[in-house]
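Open the structure in your viewer and keep the selection panel at hand. This tour goes from stop to stop.

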Amino acid sequence: MAVRAGVIGCGKIAERASLPNLVNYKEKVQIKALCDIEEPKAKNLKEKFDLSGVDILRDWKKLVTRRDIDVVFVDTPNYLHEEMVIGAAENKKHILVEKPITITVKAADNMVKSARKNGVHLMVEQTQRFDPVHQAAKKVLESGILGNIHNIRGRIGHAGPEYWSEGKAHWFYDKKKSGGGAMIDIGVHITDLIRWFAGKKITEVFATIRNIEKPVKVDDNATVLFKFEDGSKGEIECSWTTRPYEVLTFAYGSKGKMMTAIGTEKPVRVIIADTNKGKDPNNPLEEMYPEIGPGNGWENAVHYFIDCVINDEKPFVSGEEGRETTRIINAAYESNDSGKWVKVK
Ligand SMILES: NC(=O)c1ccc[n+]([C@@H]2O[C@H](COP(=O)([O-])OP(=O)(O)OC[C@H]3O[C@@H](n4cnc5c(N)ncnc54)[C@H](O)[C@@H]3O)[C@@H](O)[C@H]2O)c1
């Protein structure tokens with residue numbers, strides 16, 4: 001029997017990520033209900049995706065208590081994630097919550113505890129980990145071909161939420177609802193990606209988080225330096241004033257380097273210049289362009305989550321992973337306020 005899904009929040013991410021990738025996985029998942037506090041939004045998506053027979057609800061509590069639903073997608077503004085995830089977990093639903101998992105470490109902790117107590121899977125939709133480009137890059141890093149990685153960096157940028165989400169979506173600029181600006185909104189993507197790429201703990205951060213251009217009360221650009229547990233270093237940049245959209249990463253090791261740039265013709269470039277083998281490490285010995293797998297970040301994430309539920313496997317982007325990334329984001333804001341390096345608690 002197919003997994004039965006309910007979606008809470010019928011805004012942009014439901015339209016762009018959750019619904020199309022549930023619909024194109026119908027052999028494994030069936031949509032039962034859509035919920036939005038603004039009912040016409042749910043109705044519009046029901047029509048757009050031709051979901052006859054799917055119920056429309058205004059109250060999310062009525063969705064999470066339904067017996068004919070196994071998995072819940074939490075696609076609402078950040079400040080609502082905690083209560084909705086806990087409400088779904090207490091009703092024994094598996095949950096895919098949008099990034100960022102939530103705003104504070106305490107809230108993330110409550111969500112993780114509730115999922116554990118209720119024996120349900122909680123996954124955070126950190127889409128960048130599922131982009132085939134980044135999956136190919138992770139394999140390169142794990143292969144050891146670059147030697148010891150001593151520096152790893154990433155940058156994500158786009159033109160800002162006003163070019164993404166429509167209508168009243170400008171909760172993105174309300175700190176109480178979003179938790180902050182670019183730093184939490186897309187800084188969470190690149191921080192989580194760099195953490196995953198590095199595969200080691202970030203112990204300290206130093207951040208410069210600013211509003212440079214947008215007439216809003218939250219940050220639109222941030223730079224954060226990382227110290228990893230083994231003494232190596234890293235850095236992320238995120239920006240709501242970058243046109244067009246980009247995601248770039250760089251990894252430097254004792255035997256070579258790797259650069260990734262999604263959306264380009266050869267998105268993963270690996271250059272080997274091993275000092276022990278070549279005469280001159282400034283001249284590359286070898287250059288490689290790993291093959292990129294199918295799908296895209298959103299599609300791969302949604303399908304992976306459904307497969308985890310079917311196979312009863314813990315998602316590798318678990319609530320615990322979301323909580324660890326929240327620790328870094330919170331420490332970055334703290335560092336910006338104090339102007340000092342901050343230990344990640
Ligand atoms: N993974 C990604 O790449 C990605 C991209 C963009 C946004 N997101 C995340 O997705 C989430 C939603 O963002 P969005 O861009 O879709 O925002 P949005 O404003 O377009 O949609 C949010 C929807 O939630 C609804 N909503 C608000 N309160 C509700 C409630 N109490 N009950 C039910 N519905 C309610 C709103 O009416 C709206 O339709 C955010 O956490 C955001 O950070 C993830």
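Which helices each supply at least two residues of the shell around the ligand? Select α1 (12-23) and α4 (81-90): each of these two does. Keep in mind throughout that the model is predicted.

**Stop 1: the ligand and its shell**

Select the ligand and the residues around it. There are 29 of them, and D36, N78, T127, W164 and S165 come nearest. Colour the shell by residue class. The shell divides into 13 nonpolar, eight polar and eight charged residues.

Now colour by domain. Domain 1 takes in 3-126 + 298-317, and domain 2 takes in 129-295 + 327-343. Why does the ligand lie between the two domains? Both of them give residues to the shell, so the ligand sits between them.

**Stop 2: polar side chains at the ligand**

Show side chains for H81, E98 and W171. Start with H81: an N or O atom of the H81 side chain is 3.1 Å from an oxygen atom of the ligand. Move to E98. Here the ligand atom is a nitrogen, 2.9 Å from an N or O atom in the E98 side chain. Finish with W171, where a polar side-chain atom lies 2.9 Å from an oxygen atom of the ligand. How much of the ligand's accessible area does the protein cover? On its own the ligand has 840 Å² of accessible area, and the protein covers 92% of that.

**Stop 3: out along α4**

Go back to helix α4 and pick E90, which is placed in that helix. Is E90 buried, partly exposed or exposed? Its relative accessible area is 48%, so E90 counts as partly exposed. Exposed would require over 50%.

E90 and F228 are 36 Å apart in space and 138 residues apart in sequence.

**Stop 4: two cis peptide bonds**

Select K99 and P100. The peptide bond that joins K99 to P100 is cis, with omega at about -15°. P100 belongs to the loop between β5 (94-98) and α5 (105-118).

Next, select R243 and P244. Their peptide bond is cis too, and omega is about -10°. Where is P244 found? Look in the loop between β10 (233-239) and β11 (246-253).

**Stop 5: positive phi**

Select D50. D50 is not a glycine, yet phi is positive at about 55°. With a relative accessibility of 65%, D50 counts as exposed, because the cut-off for exposed is over 50%.

Then select D312. Phi of D312 is near 50°, again a positive value in a residue other than glycine. D312 has its place in the loop between α10 (297-311) and α11 (319-338). Is D312 buried or exposed? D312 is exposed, since its relative accessible area is 59%.

**Stop 6: cysteines**

C238 has 1% relative accessibility, so it counts as buried. Pick C308 next. C308 also has 1% relative accessibility and therefore counts as buried. The cut-off for buried is under 20%. How many disulfides does a search of the whole structure find? The search finds zero.

Technical notes
Residues numbered from 1 in each chain as written. Predicted model: local features only at pLDDT ≥ 70, side-chain atom pairs only at ≥ 80, totals over all residues. Heavy atoms only, no water. Disulfide = S-S within 2.5 Å. Buried < 20%, exposed > 50% of the residue type's maximum accessible area, 1.4 Å probe, protein only. Near = heavy atom within 4 Å. Polar contact = N/O pair within 3.5 Å; in protein donor to acceptor, adjacent residues only side chain to side chain. Areas by Shrake-Rupley, 256 points an atom, 1.4 Å probe, with all protein chains shown as cover. Helix = DSSP H or I, 4+ residues; strand = E, 2+ residues; numbered from the N terminus. Nonpolar A, V, L, I, M, F, W, Y, C, P; charged D, E, K, R; others polar. Domains from an automatic or database assignment.
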